[in-house]
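I set out to record, entry by entry, what I looked up in this structure.

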Amino acid sequence: MTFSTPDICDEFSDRIQVMEPLFRDFGGKRKFHGEIVTVKCYEDNSMVKSTLATDGRGKVLVVDGGGSLRCALLGDMLGAMAIENGWQGVLVYGCVRDVEILRGMELGVRALACLPLKSDKRGEGEVNVIVRFAGVSFEPGYHLYGDENGTLVASGELDLNQGR
């Protein structure tokens, strides 16, 4: 699908939320979109791994890592798993690692920063809960649209061929 977030803002301003520009691109796919699946965790990526192991066709994983800059919640191994299972992208409110490898992957990856330290594995976290950060509410089933201009969230899939 071809889209531009500025065009979406112009056409659907009453149906979208625009994320604050806090995130950096780390994946090889600069433009991605899909239905939102959420994980809420803090310095433990167990639920990120188990979620990325599921069918992600047409989906984007939104990870609320509490904004922690103390460890990475996604790296090259989970990135490869995401691609294998059809995920379009991963947005991490926290850190990622193995960025030199992630950049070569056909996966949208946005995060606050990179950090080489891996996370704990305690099996903690929540899946498919409403999370809020960067001025946006992410609800399971909402849709995320991201390109080099920014990231948007809509309460449903937008008909980009029709406009309003």
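Entry 1. I count two strands as paired if DSSP finds at least two bridges between them. Helices (H or I, at least four residues) and strands (E, at least two) are DSSP runs, numbered from the N terminus. The model is predicted, so I note that local features need pLDDT of at least 70 and side-chain atom pairs count only at pLDDT 80 or more, while totals for chains, interfaces and linings use all residues. Residues are numbered from 1 along each chain as its sequence is written, and side-chain values use heavy atoms, with hydrogens and water left out.

**Entry 2. Strand E7.** Strand E6 (residues 89-96) runs parallel to E7, and 6 bridges join the two. For Asp-25, the bridge partner in E7 is Arg-110.

**Entry 3. Helix H3.** I then turned to helix H3 (residues 76-84), whose buried residues are Leu-78, Gly-79 and Ala-82. Seen down the axis of H3, these residues fall within an arc of 105 degrees, so they line one face of the helix; the arc is that of the directions from the helix axis to the C-beta atoms. The face turned away from the buried side carries the exposed residues Met-77 and Glu-84.

What covers the buried residues of H3? The cover includes helix H2 (46-52), strand E5 (72-74) and helix H4 (99-102). Just after H3, I found that Gly-86 takes a positive phi of about 85 degrees.

**Entry 4. Salt bridges.** I use the term for a side-chain nitrogen of Lys or Arg within 4 Å of a carboxyl oxygen of Asp or Glu. A search of the whole structure finds 7 of them.

Glu-43 forms a salt bridge with Arg-70, their closest N and O atoms being 2.7 Å apart. This pair links distant parts of the chain, 27 residues apart: Glu-43 is in the loop between strand E3 (32-40) and H2, and Arg-70 is in the loop between strand E4 (59-64) and E5. Glu-43 counts as buried at 10% relative accessibility, whereas Arg-70 is exposed at 55%.

Arg-30 and Asp-25 meet through their side chains in a salt bridge of 3.6 Å, N to O. Arg-30 counts as partly exposed, at 36% relative accessibility. I also noted a salt bridge between Arg-97 and Asp-98 (3.7 Å, N to O). Both residues count as partly exposed, Arg-97 at 27% and Asp-98 at 21%. Salt bridges that share partners join Asp-25, Arg-30 and Arg-110 into one network.

**Entry 5. Nonpolar cores.** A nonpolar core is a set of buried Ala, Val, Leu, Ile, Met, Phe, Trp, Tyr and Cys residues joined through side-chain atoms within 4.5 Å. Which residues have the most contacts inside the largest core? They are Leu-52, Leu-61 and Val-96, in a core of 23 residues. E3, H2, E4, E5, H3, E6, H4 and E7 each supply at least two residues of this core. A second, separate core has 16 residues, including Met-19, Leu-91, Val-136 and Phe-138.

I checked contacts (heavy atoms within 4.5 Å) for Leu-61. Not counting residues up to four places away in sequence, Leu-61 touches, among others, Val-37, Val-48, Leu-52, Trp-87 and Leu-91.

**Entry 6. Cysteines.** A disulfide is a pair of cysteine sulfur atoms within 2.5 Å. The structure holds 0 disulfides. For Cys-41, the nearest cysteine sulfur is that of Cys-71, 8.5 Å away. The sulfur of Cys-95 is 7.4 Å from its closest cysteine sulfur, in Cys-71, which is too far for a bond. Cys-41 is buried at 6% relative accessibility, and Cys-95 is buried at 1%.

Methods: Buried means under 20% relative accessible area, exposed over 50%, partly exposed in between (1.4 Å probe, protein chains only).
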